[in-house]
Amino acid sequence: MTFRADLHCHSTCSDGSFSPRELIDLAIEAGLQALSITDHDTVEAYELAKPYAEEKGLILLPGAEFSAHFEHVNVHILAYCFDVNHGEILRLCKRHQERRRERNLRILEKLGKEGFKIDPEELFSLPSNALGRPHIAALLIQKGYVKDFSEAFHFYIGDGKKCYAEGAPLGIEETLEAIHAAKGLAMLAHPHLYKERAFPLKVLSFPFDGLEVEYALMNNRQNASWIRIAKKRSLLATGGSDFHGASKPHISLGASTISWERFEPLFKHFKGISN
Ligand code: AMP
Ligand code: FE
Ligand code: FE
Ligand code: ZN
């Protein structure tokens, strides 16, 4: 059996629609040997899923996808193989929770001005520590204000759109410091998605350990250019589907995976910090 690992997906702990345990089942169904649940700005999925992953014989790596800002652009940073109970990581998650709360309130205020009434308590009562725009989009759909996620993002809450609000930004440097303090590895997520190629290249001047080179819906040529850059700079090369479930229905778990060759250095690092 060929080894395949999907190192990028989201659970109900952030904006995914499957629980950490359900993701383990989906990973087994998809024939994966290893998984990392990389929720936005929260690390709790790992401990929720770990016993079940062990029972099912699936390798599970601690993971998260942290939001940071550089030159007013939102940058996603994937963290792997860190100590999930480390104070610096937990402090980073707490700061994000506060940032999201304040920013979400401002988004709801702007939506209110468009005639879209959402009671903040309705949002805050949802069971996630990383409430964000997909949760707001789901409420907009539920109330019949928009027909789907893409309408919500395209017209109202996407980056720079009229009901978007920016949170108090966290920097790349402090994010990398927290990941490294917790003995983790930090990768620049989906460099393919930036408008200008020069931007992720500039971001890579921060002390990243690697780069997400394989990403769902990207063709071989698009991935190959980032594989070359990782090689040239001696960076680790990771990959995954960015599976969310309902908010991105066209992407399935395992839609993008990495081989043992790419996975091994992360696995070794993980073994090293676990001992
Ligand atoms: P937030 O973390 O609250 O800033 O929201 C950003 C998240 O919204 C991303 O991680 C995606 O999961 C989701 N997202 C962004 N654009 C879209 C879109 N066009 N359709 C569905 N989900 C989206
Ligand atoms: Fe997301
Ligand atoms: Fe992302
Ligand atoms: Zn993601």
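A polar contact is a pair of N or O atoms within 3.5 Å. This cut-off applies to the ligand views below, which show a predicted model.

**Figure 1. Polar contacts between ligand 1 and the protein.** An N or O atom in the side chain of His40 is 2.9 Å from an oxygen atom of ligand 1, and the pair is therefore a polar contact, being within 3.5 Å. Arg103 also takes part through its side chain, with a polar atom 2.7 Å from an oxygen atom of the ligand. Arg133 contributes a polar backbone atom, which is 2.8 Å from a ligand oxygen atom. The protein buries 79% of the 500 Å² that ligand 1 exposes when taken alone.

Figure 2. The largest pocket holds ligand 1. Among the residues around the ligand are Asp15, Arg100, Gly132, Pro134, Phe149, Phe153, His244, Ser247 and Lys248.

**Figure 3. The largest nonpolar core.** This core has 67 residues. The members that touch the most others are Leu35, Phe66, Val75, Ile77, Ile172, Phe208 and Phe263. In soluble globular proteins, nonpolar side chains tend to be buried together.

**Figure 4. The contacts of Phe66.** Leaving aside neighbours within four places in sequence, Phe66 is in contact with residues including Val43, Val75, Ile77, Ala79, Ile89, Leu92 and Ile179. Asp41, His76, His96 and Thr175 are also among its contacts.

Note on methods: Residues are numbered from 1 along each chain as its sequence is written. Chains are lettered from A and ligands numbered from 1 in the order in which they are written. This is a predicted model: local features need pLDDT of at least 70, side-chain atom pairs count only at pLDDT 80 or more; totals for chains, interfaces and linings use all residues. Side-chain values use heavy atoms; hydrogens and water are left out. A nonpolar core is a set of buried Ala, Val, Leu, Ile, Met, Phe, Trp, Tyr and Cys residues joined through side-chain atoms within 4.5 Å. Buried means under 20% relative accessible area, exposed over 50%, partly exposed in between (1.4 Å probe, protein chains only). Contact means heavy atoms within 4.5 Å. A residue is near a molecule or strand if one of its heavy atoms lies within 4 Å of it. A polar contact is a pair of N or O atoms within 3.5 Å; within protein, one must be able to donate a hydrogen and the other to accept it, and residues adjacent in sequence count only if both atoms are side-chain atoms. Accessible areas come from the Shrake-Rupley method with a 1.4 Å probe; for residues, only the protein chains shown count as cover. On a 1 Å grid over the protein atoms alone, a cavity is a set of points where a 1.4 Å probe fits but cannot get out, and a pocket is an open set with protein on both sides within 12 Å along at least five of seven lines; lining residues have an atom within 4 Å of a point. A molecule sits in a cavity or pocket if more than half of its atoms lie within 2 Å of its grid points.
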